[in-house]
Amino acid sequence: MATNQQRREAAKRKLERQLARRAERARRRRIIGVGVTVGAVVVVAGLVLILVTRGDDNAQANAPSPSSPATQDIDIPTQRVAAPKRPQPLPDPTTCDYPSSGEAAKPVDKPKGKAVPSKGTVRVTLKSTAGDIPLELDRALAPCTVNSFVSLSEQGYYTDSTCHRIGTQGLQMLQCGDPTGSGGGGPGYTVPDELFEGLSYGRGILAMANTGAPNTGGGQFFMVYGDAALSPDYTVFGTITDEGLKVIDKVARAGHDGSFDPQPGGGKPNTDVTFTDVVVES
């Protein structure tokens, strides 16, 4: 029969395990996010890439680490993952709601939310200082997100913006889409979540960042080039071509400044990735 002391120690160990599991779940929710301003959520940056402003108690509010290496010897998977597919097709066309949220980092109009197609793909090329990164957006996966991304691209929202964070260990992704370059800027509205059962992430996946709360996506997005053991809380809306992955691999191998270490991890890329133009093809 266990003594009182043994029972207390067993209860303590159980509590410690529960706290560790909760902390891990919270860490994963914070990984990819966008900035949060006082009184309003601003969509900016999966793991979610949780959108947060520097200085806040959030996923991106971390002081730079002076010990971070200038370059990194990292292991990048070469096999891309299969693009996800919805278990059931969405109505075509569909309707999207884009509620106002905070002040826009760059003046743009909201996308039209009526008669939004949920079939077909859209080719977009992110022309950057590091090289061209072609994307294929899939309306069947996330019609409202694709509709917003195309609208922002055509209005020049992403042009001249800089990718502010890259992760090279644990979560291997490049996060972009904030014209302020801080990780705290959004388009002045939010995009609804478009999640479904079986959603996962890996090399070649394009997804939206959010604040960690439901329906808080916006302009920030992340491109996964390697490992990404994320919870299924980030809308996947397309894929990155092999040509684009080669560019991101090169940026990743050049390392980062460690400005987001230790949580959520990563930092500003040592190789500048600024979008000089975003070309939307029919």
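Trainee: Where does Ser101 lie, in terms of the strands around it?

Mentor: Ser101 lies in the loop that runs between strand 4 (48-52) and strand 5 (121-128), where helices (H or I, at least four residues) and strands (E, at least two) are DSSP runs numbered from the N terminus. Bear in mind that this is a predicted model, in which local features need pLDDT of at least 70 and side-chain atom pairs count only at pLDDT 80 or more, while totals for chains, interfaces and linings use all residues. Residues are numbered from 1 along each chain as its sequence is written, and side-chain values use heavy atoms, with hydrogens and water left out.

Trainee: OK, and is Ser101 buried or exposed?

Mentor: Ser101 is classed as buried because its relative accessible area is 11%; buried means under 20%, exposed over 50% and partly exposed in between (1.4 Å probe, protein chains only).

Trainee: How far is the C-alpha atom of Ser101 from that of Thr216?

Mentor: The two C-alpha atoms are separated by 9.0 Å, although Ser101 and Thr216 are 115 residues apart along the chain.

Trainee: Switching topic, where is Thr168, and why does Thr168 count as buried?

Mentor: Thr168 sits in the loop that links strand 7 (165-167) to strand 8 (171-176), and Thr168 counts as buried because its relative accessibility is 1%.

Trainee: What about Thr241, which loop is that in?

Mentor: Thr241 is found in the loop that joins strand 11 (236-240) to helix 3 (242-253), and with a relative accessibility of 18% Thr241 also counts as buried.

Trainee: Which residues is Thr241 in contact with, leaving aside its neighbours within four places in sequence?

Mentor: With those neighbours set aside, the partners of Thr241 are Arg80, Arg123, Pro134 and Leu135, where contact means heavy atoms within 4.5 Å.
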